[in-house]
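Subject: Structure handover

Hello,

Here is the structure I promised to pass on. Please open it first, then read my notes below.

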Amino acid sequence: MKFATLAFNSCLMNLLCSRVKMVFVYREARKKYRQAQPIVSELEKNLPEFS
């Protein structure tokens, strides 16, 4: 029983750590997306110059 509890706790910790990493990456991606939006709109204004 003790081994099963240790194995479960280990799996649970890995799962929680993975979730934290995914949430961090998701938040960072949203932040970078917001920062990129003004740059993209500025580039789209200059797009006709490249045709």
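Start with one residue. Glu28 is partly exposed, with a relative accessible area of 25%. Its salt-bridge partner is Lys31, and the closest N and O atoms of the two are 3.1 Å apart. Lys31 is partly exposed too, at 38% relative accessible area. Both residues sit in helix H1, which covers residues 2-46. Glu28 and Lys31 are 3 residues apart there, so about one helical turn separates them.

Bear in mind that this is a predicted model.

There is a second pair. Lys45 forms a salt bridge with Glu42, with a closest N to O distance of 3.9 Å. The cut-off is 4 Å, so this pair counts as a salt bridge. Lys45 and Glu42 also lie in helix H1, 3 residues apart, about one turn of the helix. Lys45 is exposed, with a relative accessible area of 58%. Glu42 is partly exposed, at 43%. The total count is 2 salt bridges. As background, side chains of opposite charge can pair when their charged atoms come close.

Now the charges as a whole. The protein has 9 positive and 4 negative side chains. The centres of these two sets lie 23 Å apart.

What about the overall fold? The protein has 1 helix and 0 strands. Its C-alpha trace spans about 70 × 20 × 5 Å along the principal axes. The radius of gyration is 22 Å, whereas a compact globule of 51 residues would have one near 10 Å.

How much of the protein is buried? Buried residues make up 0% of the 51 residues. The accessible surface comes to about 5,200 Å². Carbon and sulfur atoms account for 68% of that surface.

Last, the cysteines. How many disulfides are there in the whole structure? The search finds 0. Cys11 is in no disulfide, and the nearest cysteine sulfur, that of Cys17, is 12 Å away. Cys11 is exposed, with a relative accessible area of 52%. Cys17 counts as partly exposed, at 39% relative accessibility.

That is what I found. Over to you.

Best regards

Definitions and conventions
Residues numbered from 1 in each chain as written. Predicted model: local features only at pLDDT ≥ 70, side-chain atom pairs only at ≥ 80, totals over all residues. Heavy atoms only, no water. Helix = DSSP H or I, 4+ residues; strand = E, 2+ residues; numbered from the N terminus. Rg over C-alpha atoms; globule rule 2.2 N^0.38 Å. Buried < 20%, exposed > 50% of the residue type's maximum accessible area, 1.4 Å probe, protein only. Areas by Shrake-Rupley, 256 points an atom, 1.4 Å probe, with all protein chains shown as cover. Lys, Arg positive; Asp, Glu negative; His and termini not counted. Charge placed at Lys NZ, Arg CZ, Asp CG, Glu CD. Salt bridge = Lys/Arg side-chain N within 4 Å of Asp/Glu carboxyl O. Disulfide = S-S within 2.5 Å.
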